[in-house]
Amino acid sequence: MSSIMTNASAMTALQSLSATNKALEQTQARISTGYRVADASDNAAYWSIATTMRSDNQANSVVQDALGLGAGKVDTAYTAMNSAHTVVDKIKQKVLLAKASGIEERAKIQAEIDTYVAQLRDSIGGASYAGSNLLQTTGATGKVSIISAYNRDSGGAVSTTTIDIEFTNIRLIDSGVTPPAAGTGILDTTGTASGVSILNIDLNNLGGVTGADESTKFDNLLTDIESALGKMTNAAAELGAAKARIDMQKDFVSKLMDSIEKGVGQLVDADMNKESTRLQALQVQQQLGIQSLSIANTNSQNILALFKG
């Protein structure tokens, strides 16, 4: 039925065109932003999950930075520890040479040992990374703690895990004392056999004894040096193990972040191929809708023209 009061065809065409325009705006927004769920209004559940996962990834990014900082500290300490071990091994050789040499040669050997000791102090003192030196610390307790993971359970409770290295296990020099005072470091602790620390070796004064007792004193000093070398080997092994664990955790966190990002993308990213195809279809529908509305309006005008005629 045709009516000059109500243009049903035009109303239907207008509703269809409005729906097409709304869908077209949505598709254009998805193509523009790259998201099919950009706001909570698009899909509240997916948006909530994606927001939480993104927050977790930001926390993991901080963990990754902490692991990188920790890796730098441990790498620096490990390198210095190996260097110090090499120097102490050379000191051991010089002490053994001094025992086999005459008294007249000890002054020259002592000068070489003094050079090695100075090298030890310089290399250990310079083993600082970001203001932290793991090999030159003080105190009976203490440790370096490197955040390795950020955990959140289903109830929202948060916990972190750390990679810990006890200072007492790797300390070479006690920064709280000045030799010849004995410290808690591996190198400045007074030897239990000789009573001499590696940083205070004096070949001309090994307890003030000569003759047969002198040989024993040299043996005691060599025993203490061997003990220090053993402790340094253990310290290097602990640093090496920590270094390996940090590297593995860094790799895991990196892959975890990629996995979370991929999961978020599956929830909220737009399929650009699909949206592009849909855009073309909607643009055609929009043109047809405009034509349909124009035809409906033209029919009404034709009816009015009949009355005018």
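The model is predicted, so local features need pLDDT of at least 70 and side-chain atom pairs count only at pLDDT 80 or more, while totals for chains, interfaces and linings use all residues. Residues are numbered from 1 along each chain as its sequence is written, and side-chain values use heavy atoms, with hydrogens and water left out. The protein contains 6 helices and 4 strands; helices (H or I, at least four residues) and strands (E, at least two) are DSSP runs, numbered from the N terminus.

**Overall make-up**

- Along the sequence, the elements follow the pattern α-α-α-β-β-β-α-β-α-α.
- Of the 309 residues in the protein, 34% are buried; buried means under 20% relative accessible area, exposed over 50%, and partly exposed in between, with a 1.4 Å probe and protein chains only.
- The protein exposes about 17300 Å², and carbon and sulfur atoms supply 52% of this area; accessible areas come from the Shrake-Rupley method with a 1.4 Å probe, and for residues only the protein chains shown count as cover.
- Among contacts with a separation of 6 or more, 73% are between residues 24 or more positions apart; contact means heavy atoms within 4.5 Å.

**Packing of helices α2 and α3**

- Two packed helices are described by the angle between their axes and the distance between the axes.
- Helix α2 (residues 44-100) packs with helix α3 (residues 103-125) at an angle of about 170°, and their axes are 10 Å apart; axes are lines fitted to C-alpha atoms, for helices over the stretch in contact, and angles run from 0 to 180 degrees between N-to-C directions.
- The two helices, α2 and α3, are therefore roughly antiparallel to each other; angles over 145 degrees count as roughly antiparallel, under 35 as roughly parallel, 65 to 115 as roughly perpendicular and the rest as oblique.
- On the α2 side, the residues that meet α3 include Ala80, Ala84, Val87, Ile91 and Val95, and on the α3 side they include Arg106, Ile109, Ile113, Tyr116 and Leu120.
- The residues of this contact of α2 with α3 divide into 13 nonpolar, 2 polar and 4 charged; Ala, Val, Leu, Ile, Met, Phe, Trp, Tyr, Cys and Pro count as nonpolar, Asp, Glu, Lys and Arg as charged, and the others, Gly among them, as polar.

**Helix α3 and its residues**

- Helix α3 has 23 residues and reaches 33 Å from its first C-alpha to its last, close to the 33 Å expected at 1.5 Å a residue; the expected span is 1.5 Å times one less than the number of residues.
- Its buried residues are Arg106, Ile109, Gln110, Ile113, Tyr116, Val117, Leu120, Ser123 and Ile124.
- Arg106 counts as buried because its relative accessibility is 5%. Leaving aside neighbours within four places in sequence, Arg106 is in contact with Ala98, Leu203, Asn204, Glu214 and Phe218.
- Ala118 also has its place in helix α3, and at 36% relative accessibility Ala118 counts as partly exposed. The C-alpha atoms of Ala118 and Leu199 are separated by 8.6 Å, although these residues are 81 residues apart along the chain.

**Residues of helix α2**

- Asp56 is placed in helix α2 and is buried, with a relative accessible area of 17%. Not counting residues up to four places away in sequence, Asp56 touches Tyr150 and Arg152.
- Thr86 is placed in helix α2 and counts as partly exposed at 42% relative accessibility.

- Ser148 is found in strand β2 (residues 143-152) and counts as buried at 3% relative accessibility.
- Not counting residues up to four places away in sequence, Ser148 touches Val63, Leu67, Thr161, Thr162, Ile163, Gln249 and Val253.
- The C-alpha atoms of Ser148 and Gly70, 78 residues apart along the chain, are separated by 9.4 Å.
- Ala130 lies in the loop between α3 and β1 (136-137) and is exposed, with a relative accessible area of 60%. The phi of Ala130 is near 55°, a positive value in a residue other than glycine.
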